[in-house]
Amino acid sequence: MSLENLFKTKQLQPHNPSREAVLRLLQAAARNIADARIEEVSLDTRFDAAYKAIMQCAMVALWANRYRTSTSQPGHHQTAIQTLPLTIGIEQSTVIVLDALRKQRNLSDYEGDPISEQALVECIKQATQLYKVVKSWIATNRPDLK
Amino acid sequence: MLASLLFGIYRQRVLGLLLLNPERSYYVREIARLTNTAAGTLHKELARLAAAGLLVRESVGNQVRYSANRDCPVFGELASILRKTSGLVDVLAEALSPVENQIILAFVFGSLARGEQESGSDVDVMLVGGIGFADAVRVLHPVQATLQREINPVVYSPDEFHRRNTNGDSFIREVIAKPKLFIVGNENELGKLIQDQTASAA
């Protein structure tokens, strides 16, 4: 799998965002990570916020590589997560965990399965880490977007 | 262990794959790859199982496909044995063995535990103990290929599991009430997990 192939199969589209757009999405991710730490709301809502930050970071990673997912295609969350090794060099062992969090989110959002404390802890940890990695990747590889 | 007493290794693996994925049919080479067996020896084994009525054999062009025969009178019983042994529970137990000291209780719940799985059904695995979510995902991930299904680990600390049950969490209550296939621990551990902590909380 390469980004070019995913473009050919229409899962990705070319995209060249402005520096401001990248900054805006990264700031939204930071707000979500902060929200995920608010203990007064349910684990499910905190998980949702952390997961949203993961997705926003994965989108920024694609943007920084001049692509975005086709939201008209099914599974664009999965595409955003699966492309992380290609976009910003995330390890496969981390992608496995991120993808499991995506499935937890589906079960929570659409079936009402509760989010466990362990799943929340991991989701916040992964969101925080991914946010750091994508920011430092941009600083090194796309200083024009920094 | 029980399964190896009843069936040879090839038979265990073949029946485990086919009877627990009865909605699918497989080419011989595919079965060999998925069960890590030799296609040559497999042909004979598959032909015997088909002759006995456990499997259905169909020719597609010059290739042969096999699937479970759901009309076989003992299909349900055999599938149940395989779920509890080499076809599912043993595979998961093996995968969890490196982290077993961090698990008090582990079991399969959901459609597979009830024997009502469909082709896209995940294997729902409940893990209670000190294990973290990421470790659970990482140790179970490799056996998805063996089981031909995605695994959905649900991870709770003993304290949270107990608390949710006490507070009437409908998800945990349903999981406790419905059929389970125990991987680590059994009904006793499950009972203790709930009761002990109720006593200490009182």
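Helices H10 (residues 158–166) and H11 (residues 170–177) of chain B pack at an angle of about 100°, with their axes 8 Å apart. The two helices, H10(B) and H11(B), are therefore roughly perpendicular to each other, a term that covers angles of 65 to 115 degrees. Axes are lines fitted to C-alpha atoms, for helices over the stretch in contact, and angles run from 0 to 180 degrees between N-to-C directions. Helices are DSSP runs of H or I with at least four residues, strands are runs of E with at least two, and both are numbered from the N terminus. The model is predicted: local features need pLDDT of at least 70, side-chain atom pairs count only at pLDDT 80 or more, and totals for chains, interfaces and linings use all residues. Residues are numbered from 1 along each chain as its sequence is written, while chains are lettered from A and ligands numbered from 1 in the order in which they are written.

On the side of H10(B), B:Phe161, B:Arg164 and B:Asn165 meet B:Ile172, B:Arg173 and B:Ile176 in H11(B). By class, this contact has three nonpolar, one polar and two charged residues. Ala, Val, Leu, Ile, Met, Phe, Trp, Tyr, Cys and Pro count as nonpolar, Asp, Glu, Lys and Arg as charged, and the others, Gly among them, as polar. Two residues are in contact if their C-beta atoms, placed from the backbone, lie within 7 Å.

Chain B also holds an open sheet of four strands in the order S6-S5-S4-S7, with mixed pairing. Strands S6 (151–156) and S7 (181–184) of chain B stand at the edges, each with a single partner strand, so one side of each is left without a neighbour in the sheet. On average, neighbouring strands of this sheet are turned by 25° against each other, direction ignored. Within chain B, strand S4 (residues 103–109) pairs with strand S5 (residues 123–129) in the antiparallel sense over six bridges; pairing requires that DSSP finds at least two bridges between two strands. B:Phe107 stands opposite B:Met126 in S5(B).

The contact between the chains takes 14 residues from chain B and 12 residues from chain A. Helix H8 (133–140) and S6 of chain B each supply at least two residues of the side of chain B that touches chain A. The residues of that side divide into seven nonpolar, four polar and three charged.

B:Ala39 is found in helix H4 (residues 39–51) of chain B. Leaving aside its neighbours within four places in sequence, B:Ala39 is in contact with B:Val28, B:Arg29 and B:Ala32.

Technical notes: Angles under 35 degrees count as roughly parallel, over 145 as roughly antiparallel, 65 to 115 as roughly perpendicular and the rest as oblique.
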